Amino acid sequence: MGLIGFLIIGLIAGWLAGKIMRGGGFGLLGDMVVGVVGAFIGGFVFNALGLFPGAGILPSLIVATIGAIILLFLIRLVKRA
């Protein structure tokens, strides 16, 4: 997947995570950053657990969204403290 594809997956994952976590989001650029960082977090978590969802757009989107949800959860924990 190229850079543009990675950014599109990150943007969609960040937007989905914001909707799932019932947040207003961080705007277009913020959602993209959350999604891209979430993709790395999701990839790390899935790899650490020995789970390999496969290649393609949908598995990548699922992993990135799960990672973005984890990131949003951690951000909200820190903001409350």
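A: Let's start with a term: helices are DSSP runs of H or I with at least four residues, numbered from the N terminus, while strands are runs of E with at least two. This is a predicted model, in which local features need pLDDT of at least 70, side-chain atom pairs count only at pLDDT 80 or more, and totals for chains, interfaces and linings use all residues. Residues are numbered from 1 along each chain as its sequence is written, and side-chain values use heavy atoms, with hydrogens and water left out.

Ala-48 lies in helix 2, and its relative accessibility of 61% makes it exposed (buried means under 20% relative accessible area, exposed over 50%, and partly exposed in between, with a 1.4 Å probe and protein chains only). From the C-alpha atom of Ala-48 to that of Gly-30, 18 residues apart along the chain, the separation is 27 Å.

Next comes the loop between helix 2 and helix 3, where Ala-55 has its place. Ala-55 is exposed as well, because its relative accessibility is 78%. Ten residues separate Ala-55 from Thr-65 in sequence, and their C-alpha atoms are 15 Å apart in space.

Thr-65 brings us into helix 3, which covers residues 57–80. With a relative accessible area of 8%, Thr-65 is buried. Leaving out residues up to four places away in sequence, Thr-65 touches Ala-13, Leu-16, Ala-17 and Ile-20; contact here means heavy atoms within 4.5 Å.

Leu-74 is also found in helix 3, but this residue is partly exposed, because its relative accessibility is 42%. Together with Phe-73, Leu-77 and Val-78, Leu-74 makes a nonpolar surface patch of about 390 Å². Patches are made of residues with over 30% relative accessible area and no salt bridge, joining like charges within 9 Å and nonpolar side chains (Val, Leu, Ile, Met, Phe, Trp, Tyr) within 5 Å. A salt bridge is a side-chain nitrogen of Lys or Arg within 4 Å of a carboxyl oxygen of Asp or Glu.

Finally, the largest pocket is lined by 14 residues, with Phe-6, Ala-39, Gly-43, Ser-60 and Val-63 nearest its centre. Two or more lining residues come from each of helix 1 (3–20), helix 2 (27–48) and helix 3. Helix 3 gives the largest share of that lining, four residues. A pocket is an open set of points on a 1 Å grid over the protein atoms alone, where a 1.4 Å probe fits, with protein on both sides within 12 Å along at least five of seven lines; lining residues have an atom within 4 Å of a point.

Terms used
Areas by Shrake-Rupley, 256 points an atom, 1.4 Å probe, with all protein chains shown as cover.
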